[in-house]
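Could you walk me through this structure, one selection at a time? I have it open in a viewer and would like to know what to click on next.

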Amino acid sequence: MTIYEQLIDGVTKGQSYYINFKTRDLKLNKKFLVKNGKYDGEYGFLPCKAREHIEELFDEYYFSNSCERSDMKSTYFIALDNEEISIEEAVCGESRFIAQAKLEGYVLGLILSNCPWSEIAYNEKDFVWQSKNNKNLIVWKEWFKEMNDA
């Protein structure tokens, strides 16, 4: 099982997780799967069409159902409050805790794979990329800097 699959499987089963883009860390149930950008095995995703995939995962997160676990967890992204989502979104949406893990796990994978900033931003010189489809989706260039450059 890849690291990304372990993350999603563990979170789906209720395990806690921690992701830090700056230090390149991923913990699942207090055990490091990625530490300082180093890991064993395969991370497990293809970074092609990174911008589009981030937008898809962000939409799932943005319209997801808040829960006690997600409310207590810090995040890199903004989502709607439960009162702001429609009944259909509430019924069809997944747990925010799981949606957040999918989104942050994917972005961490892009960072670990040295995905070029040009795959995310429209202009290499931009310090942030903001989605044209949802202005609440913001990705920071500093997340993608080499650890030695930061």
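Helices (H or I, at least four residues) and strands (E, at least two) are DSSP runs, numbered from the N terminus. This is a predicted model, in which local features need pLDDT of at least 70 and side-chain atom pairs count only at pLDDT 80 or more, while totals for chains, interfaces and linings use all residues. Residues are numbered from 1 along each chain as its sequence is written, and side-chain values use heavy atoms, leaving out hydrogens and water.

Start with the sheet. Select the three strands: they form an open sheet in the order S1-S2-S3, with antiparallel pairing (two strands pair if DSSP finds at least two bridges between them). Strands S1 (17–20) and S3 (31–34) are at the edges with a single partner strand each, so one side of each has no neighbour in the sheet.

Next, zoom in on S2 (residues 25–28), which is joined to S3 by three bridges. Here you will find Leu 26 opposite Val 34 in S3.

Axes are lines fitted to C-alpha atoms, for helices over the stretch in contact (heavy atoms within 4.5 Å), and angles run from 0 to 180 degrees between N-to-C directions. Helix H5 (residues 96–112) also lies across S1, S2 and S3, at about 40 degrees to S1.
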